[in-house]
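Subject: Structure handover

Hello,

Here is the structure I said I would pass on. My notes on what was found in it follow below.

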Amino acid sequence: MPRLRKRLNGTAGQDKKGPAGKRTKTKNPGEAPATVERPSPRETSALKKCGDNVSSYWLMKSEPESRLEKGVDVKFSIEDLKAEPKQTACWDGVRNYQARNFLRAMKLGQEAFFYHSNCKEPGIAGLVKIVKEAYPDHTQFEKSNPHYDPSSKKDNPKWSMVDVQFVRMLKRFIPLAELRTHHQVHKASGGPLQHMALFTLQRLSVQPLTREEFDFILSLEEKEPS
DNA sequence: GCCAACGTTGGC
DNA sequence: GCCAACGTTGGC
């Protein structure tokens, strides 16, 4: 799976993105819609808690600090997203099936938290929305890309990406440590973050959130850091 | 830099 | 299909 990892931006005009989960930016967003496959059992249980069977809220991880992957910087922070044309980038580099299937389940207009991972201060930085539904991730066919997948065929691409657009920064950065504190309290006494995927589906770079989780996290914006 | 958790690969 | 070896993720 993919994670998005990081990517760097870099050269002009190109995309960058990251590793599994990370994104890059894209230049021209592509087109081909992806077919959503049957969710794995694991995903199914993650989705189930979302009430309907399909989540409407998401969390997407990206690395805001430079890190080389096969010689390519996978850094991609929310500031990098803001700097893209139309503040829009393709989320390429996801190479994990579960995360890919979540990408394929995303619908136009849905919102996602932009999470900074593998950095000094991990946590949620801002809000983005899906502006293009899943289509083939072009980086799987690029030999020089850190996420090149020689086993993927052009007539049956394995990996997908979506395009996301910056919506806004959170009023304050919500650190992972604070989310974890709430998760632990909620686990013990009941509460919205009780089953949050960030703590129960570790290492997934694209994950679903229930409306309750999403709303609770947004409510933290107004509060003092705990 | 360390290392735990988890995923993938590949021999058998 | 099992499982050991290895690779990756990602917090600390």
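Two residues are said to be in contact when they have heavy atoms within 4.5 Å of each other. Please keep in mind that this is a predicted model.

Overall layout

Chain A has six helices and eight strands. Read from the N terminus, their order is α-β-β-β-α-β-α-β-β-β-α-α-β-α. Of the 226 residues in chain A, 54% are buried. Taking contacts between residues at least 6 apart in sequence, 71% link residues at least 24 apart.

Val162 is part of strand S7. With a relative accessibility of 0%, Val162 is buried, because the cut-off for that is under 20%. Its contacts, leaving aside neighbours within four places in sequence, are Met60, Ala89, Cys90, Trp91, Leu103, Met106, Ile130, Lys132, Glu133, Ala134 and Tyr135. One of these, Ala134, is 28 residues from Val162 in sequence, yet the two C-alpha atoms are 4.6 Å apart.

Val162 also matters for the count inside the largest nonpolar core, which has 26 residues: Val162 and Trp91 are the members that touch the most others. Two or more residues of this core come from each of strand S1 (57-62), helix H2 (78-83), helix H3 (97-105), strand S5 (111-116), strand S6 (123-136) and strand S7 (160-175). A separate core of 20 residues lies apart from it, and includes Tyr57, Ile124, Phe199 and Leu220.

Helices H4 and H6

Which angle do the axes of H4 and H6 make where they cross? The axes of helix H4 (residues 176-189) and helix H6 (residues 211-220) cross at roughly 125°, and they come within 12 Å of each other. At that angle H4 is oblique to H6. The crossing of the two helices is right-handed. On the H4 side the contact is made by Glu178, Leu179, His182 and His186, and on the H6 side by Phe216, Ile217 and Leu220. Sorted by class, the residues in this contact are four nonpolar, two polar and one charged.

His182 of helix H4 is buried, since its relative accessible area is 17% and the cut-off is under 20%. Beyond its neighbours within four places in sequence, His182 is in contact with Leu193, Phe216, Leu220 and Ser226. Phe216 and Leu220 are both among the H6 residues that make the helix contact.

In H6 itself, the buried residues are Glu213, Phe214, Phe216, Ile217, Leu218 and Leu220. They pack against S1, S5, S6, S7, H4 and strand S8 (206-209).

Two backbone angles

Most residues other than glycine have a negative phi. Lys70 is not a glycine, and its phi is near 50°. It sits in the loop between strand S2 (68-69) and strand S3 (72-73). Is Lys70 buried or exposed? Its relative accessibility is 67%, so Lys70 counts as exposed. Asn118, likewise not a glycine, has a positive phi of about 50°. Asn118 belongs to the loop between S5 and S6.

Regards

Note on methods:
Residues numbered from 1 in each chain as written. Chains lettered and ligands numbered in written order. Predicted model: local features only at pLDDT ≥ 70, side-chain atom pairs only at ≥ 80, totals over all residues. Heavy atoms only, no water. Axes fitted to C-alpha atoms, helices over the stretch in contact; angles between N-to-C directions. Helix = DSSP H or I, 4+ residues; strand = E, 2+ residues; numbered from the N terminus. Parallel < 35°, antiparallel > 145°, perpendicular 65-115°, else oblique. Left-handed = near helix turned anticlockwise from the far one by under 90°. Nonpolar A, V, L, I, M, F, W, Y, C, P; charged D, E, K, R; others polar. Core = buried A, V, L, I, M, F, W, Y, C linked by side-chain atoms within 4.5 Å. Buried < 20%, exposed > 50% of the residue type's maximum accessible area, 1.4 Å probe, protein only.
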